[in-house]
Amino acid sequence: MKTVRLTMAQALVRYLAAQYVEAADGSREQLFGGVWAIFGHGNVAGLGEALYAMRDKLPTFRAHNEQGMALAATAYAKAHFRRRMMAISTSIGPGCTNLVTAAATAHVNRLPLLLLPGDIFITRAPDPVLQQVEDFHDGGVSAVDSLRPVSRYFDRIVVPEQLLTALPRAIAYLTDPALCGPVTLALPQDVQAMAFDWPESFFDERTVRFRQPPAEAAEVAALAAILKTAKRPMIVSGGGVLYSKGGVDALRSFAERHGIPVGESQGGKGALAWDHPLLAGSVGVTGTPAANAIAQDADVVLAVGTRLQDFTTGSHALYAQARLLSINVNTFDAIKWGGTSIQADASAGLAALSAALGDWRADAGWEAQTRKLCDGWRRQLAEIVVSSRAALPTYAEAIGAVQASAANSADNDIVVCAAGTLPAELHKLWRTSRPGGYHMEYGYSCMGYEVAGGLGAKMAQPDREVIVMVGDGSYMMLNNELATSVMLGQKIIVVLLDNAGYACINRLQQACGGAQFNNMYEHCLTGPDGAPAIDFELNARSLGAEAETVRSVAELEAAMRRARASKKSYLISLQVDGPQCTPEGGSWWQVGIPEVSERSEVRDARARYEDAVRRQRY
């Protein structure tokens, strides 16, 4: 057996560079689009030297914050529909713990992310080293162990040859349709530098095959029998449809053949074009009037590739009256809430179920009624995005102006967002005709994802215009990767809607009967100089981007045309009306309301809460 002597770090990097995936056009491309790294004493000597030697084969990118670069990598994987991914390298202390939020984001959203944090010396000879967390009861614990709860697979490499089993396992988890999520390989800095005689065959190029688990005949027959009894069926489309090869075509074919209207989750938006006659739009807490009306009347709901989280189900009260069916590759999700399920890839499951249904279609009257609702919502949407409802511009008007600034925006744009008011507004109002045109991180609703996520999406889809729509609160959480986008020449457009605080939670606070408190600047404790007057244009320019401040919807549309023409990342700041959001649609969302309060508003909210709880599915 031929061997080659390499350090553990050198072997790791060489192995990652040898992993390939088949591209859509039949060619091959590397599974890993690169490695993000911020170096420190835990990774600069071992892994840093190895990355330098392979920089032409596996590029290394530098960011400004470990959380930011891991969020960018998460977005990169999402924009590639989980077919490509990135790795992250950090030092042993704060750099490592900065990964926890991003790892949780990838974990909740079932997205592949390879974390390679440096770790303390396995020999413990120099303990405690700089940044070492010392556990008084367990000498084997380090800061890296904080990543265990948010990793699908975790391993600590204590001898180099351990990679012979750890790396294939890591790739298996990262590319498994059901188990996909973050993988952490803790790399003690002394082990990174240790050498081993590796089999040369370990570094042979490999093409990863993504499995699509088929449907079992008995499960298909059970779902088909139930669906054939339905008079008013509905489909809820989730992210699994987008991640399934052929899932988008399978969903469209299934809906059209059987005459079933489709509502879309945050993760599933974009599987059908916005103007498809059977698309009712977003469903649930952030749902359209059409989709939620259909959901309330449905007798059977077929959930395809969705986690059935509370925003999608109206906290399990929106369509609790319906018989729940599910197609999901993940057993954990497939069996939720007592649904009858097919545990299979979305494309395979839909194809098998359609074949079992044969020529069966939903009731003709139901199909005609739902098509009318879908068409009515599209006409209503067109009016909402141009309607002035407040003295200041609204979120809806801003969305309309962004899309109006380019004739083909529904085909080419990717909108990126994560938290605050905008996920609700965009879920209802953003129009996209291509899968991936709606890039929303709403599994973890991670404030600060937006700018970093926009960078990752642009790196994955360089030929599409990436537009980050973000509120001032989320922008202030994490905006420094705007400088990284400039440094890497990865142009993104940031549309910053300034409402002077956390307006979304301020509205929720009041809806729960609470007084306005600690969310908007005007309701916070401040010093003698009052709330800060933040110049977002100046901030963006200081990070190297082009920027401007606009004061009207018309100015925003004109600024968007300039931003589209720019070769450089571009920020546009617009003050918007914080209280005003689109009232059409929506459903109940369960938020715990105090049973006892001196405020009459809270007592009234509690009464409404108790009434809504009675409608939940258990």
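These notebook entries record what I looked up in this structure, which is a predicted model.

**Entry 1**

I began with an open sheet of 6 strands, whose order is 19-18-20-21-23-22 and whose pairing is parallel. I noted strand 19 (438-440) and strand 22 (546-550) as its edge strands, since each pairs on one side only. From one strand to the next, I found a twist that averages 20°.

I then looked at one pair of strands inside this sheet. Strand 21 (residues 493-498) and strand 23 (residues 570-575) pair in the parallel sense over 6 bridges. Within this pair, I found V494 of the model opposite L571 in strand 23.

**Entry 2. Helices on the sheet**

Next I asked which strands helix 24 touches. Helix 24 (residues 553-565) packs on the sheet and touches strand 20, strand 21, strand 22 and strand 23. I recorded an angle of about 175° between the direction of helix 24 and that of strand 23.

I also looked up helix 18 (residues 422-429), which lies across strand 18 (414-417), strand 19, strand 20 (466-471) and strand 21. Helix 18 runs at about 155° to strand 19.

**Entry 3. Nonpolar cores**

I turned to the nonpolar cores. The largest has 88 residues, and those with the most contacts inside it are L302, L353, L426 and M469. Helix 16 (residues 395-404) gives the largest share of this core, 6 residues. Apart from it, I noted another core of 54 residues, with M69, V466, L478 and A545 among them. In general, nonpolar side chains tend to be buried together in soluble globular proteins.

**Entry 4. A threonine in helix 3**

T74 is found in helix 3 (residues 66-79). Not counting residues up to four places away in sequence, T74 touches A102, A106, L111, L113 and Y449.

**Entry 5. Backbone details in loops**

I looked at the loop between strand 7 (113-119) and strand 8 (153-156), where P128 has its place. The peptide bond from D127 to P128 is cis, with omega near -10°. Q131 lies in the loop between strand 7 and strand 8 as well. Its phi is near 80°, a positive value in a residue other than glycine. Q131 counts as partly exposed, because its relative accessibility of 33% falls between the limits of 20% and 50%.

I found a positive phi of about 55° at L308, although L308 is not a glycine. L308 sits in the loop between strand 15 (300-304) and helix 12 (310-313). I noted L308 as buried, with a relative accessible area of 4%.

**Entry 6. The largest pocket**

Last, I asked which residues are the closest to the centre of the largest pocket. The pocket has a volume of about 1000 Å³. Of the 44 residues that line it, V285, C504, R507, L508 and W589 are the closest to its centre. I recorded helix 18, helix 20 (472-477), helix 22 (503-511) and helix 25 (600-613) as the elements that give two or more residues to the lining. Helix 22 supplies the largest share of the lining, 6 residues.

How values were computed:
Residues numbered from 1 in each chain as written. Predicted model: local features only at pLDDT ≥ 70, side-chain atom pairs only at ≥ 80, totals over all residues. Heavy atoms only, no water. Core = buried A, V, L, I, M, F, W, Y, C linked by side-chain atoms within 4.5 Å. Buried < 20%, exposed > 50% of the residue type's maximum accessible area, 1.4 Å probe, protein only. Helix = DSSP H or I, 4+ residues; strand = E, 2+ residues; numbered from the N terminus. Pairing = 2+ DSSP bridges. Axes fitted to C-alpha atoms, helices over the stretch in contact; angles between N-to-C directions. Contact = heavy atoms within 4.5 Å. 1 Å grid on protein atoms, 1.4 Å probe; cavity = no way out; pocket = protein on both sides within 12 Å on 5 of 7 lines; lining within 4 Å. Points joined across faces, edges and corners; volume = space filled by probe spheres on them.
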